[in-house]
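Subject: The structure you asked for

Hi,

Here is the structure I promised to pass on. Have a look at it first, and then read my notes below.

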Amino acid sequence: MSAASGSTSPSRLAPGSGPVQITSEQIQARVTELAARIRQDYAGREPHLICVLNGAFMFHADLVRALDMPCTMDFLQASSYGNAKQSSGEVRLVKDLQFPISDRHVILVEDIVDTGITMNYLLHYLEGRGPATIKIAALLSKPSRRKVEVPVEYLGFTIPDAFVYGYGLDRSQYDRNLPFITSQE
Ligand SMILES: O=P(O)(O)OC[C@H]1O[C@H](OP(=O)(O)OP(=O)(O)O)[C@H](O)[C@@H]1O
Ligand code: HPA
Ligand SMILES: [Mg+2]
């Protein structure tokens, strides 16, 4: 890439002007609180944190770094939105787990519970594999859009009905790398 093309490309770091704005500092403070609760709740046990790719990759990375306790982790990938702003209603398991979860204390780490369809699907799917316990940690919840109720034990923020992006969440696959969460009018 030439220096000229680098210097003329627009900055993607500007937040939108929509109703949901969560700064990097607010996210980090909340992640620290959630990690402290998990550490307390799982004292004497080793949690197995499953990151739901792609959206949860950043939340998961920050959560496990803040956890400061022995834990293991795995990654699965689910997709139901593609590039759309509405759920297709169907969840595709794109990548399965690498490790068994039987008798493990599983924490499913998700970026957002919107309709609840993805989490409901994954919860039932993983319950069938015999974990000792299974809980959900989600950074965001949009309860006004819920179609299926799912129990979120560790919740970062409740947000109104706006399409959000940044900090792992995409806008047609872009903007996952923003360090904050934002929305447009
Ligand atoms: O509660 P729901 O309505 O099911 O929506 C939440 C799910 O949708 C998004 O994933 P998406 O399918 O867009 O894939 P991605 O994680 O790769 O962005 C998001 O990351 C959640 O996994
Ligand atoms: O508001 C959202 N933003 C990005 N991805 C999403 N997946 C479900 N809801 C959202
Ligand atoms: Mg996702």
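Below is what turned up in it, going from the overall layout to the ligands.

First, some ground rules. This is a predicted model, so local features need pLDDT of at least 70 and side-chain atom pairs count only at pLDDT 80 or more, while totals for chains, interfaces and linings use all residues. Residues are numbered from 1 along each chain as its sequence is written, and chains are lettered from A and ligands numbered from 1 in the order in which they are written.

**The overall layout**

You'll find four helices and eight strands in the chain; these are DSSP runs numbered from the N terminus, with helices being H or I of at least four residues and strands E of at least two. Read from the N terminus, the order is α-α-β-α-β-β-β-α-β-β-β-β. The C-alpha atoms fill a box of roughly 55 × 35 × 35 Å along the principal axes. A compact globule of 185 residues would have a radius of gyration near 16 Å, and the chain has 17 Å, so the two agree. (That radius is taken over C-alpha atoms, and the globule rule is 2.2 Å times the number of residues to the power 0.38.)

The UniProt record, an unreviewed entry, puts "domain: Phosphoribosyltransferase" at residues 25-170. UniProt positions follow the numbering used here, feature names are shortened, and annotations may be inferred rather than shown by experiment. That span is 27% helix and 30% strand, and its end C-alpha atoms are 20 Å apart.

Six strands make an open sheet with mixed pairing, in the order 3-2-1-4-5-6; two strands pair if DSSP finds at least two bridges between them. Strand 3 (92-95) and strand 6 (154-158) are at the edges with a single partner strand each, so one side of each has no neighbour in the sheet. Strand 1 (residues 47-53) and strand 4 (residues 105-113) run parallel, joined by five bridges, and H48 sits opposite V106 in strand 4.

Helix 3 (residues 57-67) packs on the sheet, touching strand 1, strand 2 (72-79), strand 4 and strand 5 (133-141), and its direction makes about 160 degrees with that of strand 1. Contact here means C-beta atoms, placed from the backbone, within 7 Å. Axes are lines fitted to C-alpha atoms (for helices, over the stretch in contact), with angles from 0 to 180 degrees between N-to-C directions.

**The ligands**

Ligand 1 has 18 residues around it, the closest being N54, G55, Y81, T115 and T118. A residue counts as near if its C-beta atom, placed from the backbone, lies within 6 Å. Strand 4 gives the largest share of this shell, four residues. By class the shell has six nonpolar, eight polar and four charged residues. (Ala, Val, Leu, Ile, Met, Phe, Trp, Tyr, Cys and Pro are nonpolar; Asp, Glu, Lys and Arg are charged; the others, Gly among them, are polar.)

Around ligand 2 you'll see Y81, I112, D114, F163, V164, Y165, L169 and D170. That shell has six nonpolar, no polar and two charged residues.

Which peptide bond is cis? The one from L53 to N54, with omega near 0 degrees. N54 is in the loop between strand 1 and helix 3.

Cheers

Conventions
Two residues are in contact if their C-beta atoms, placed from the backbone, lie within 7 Å.
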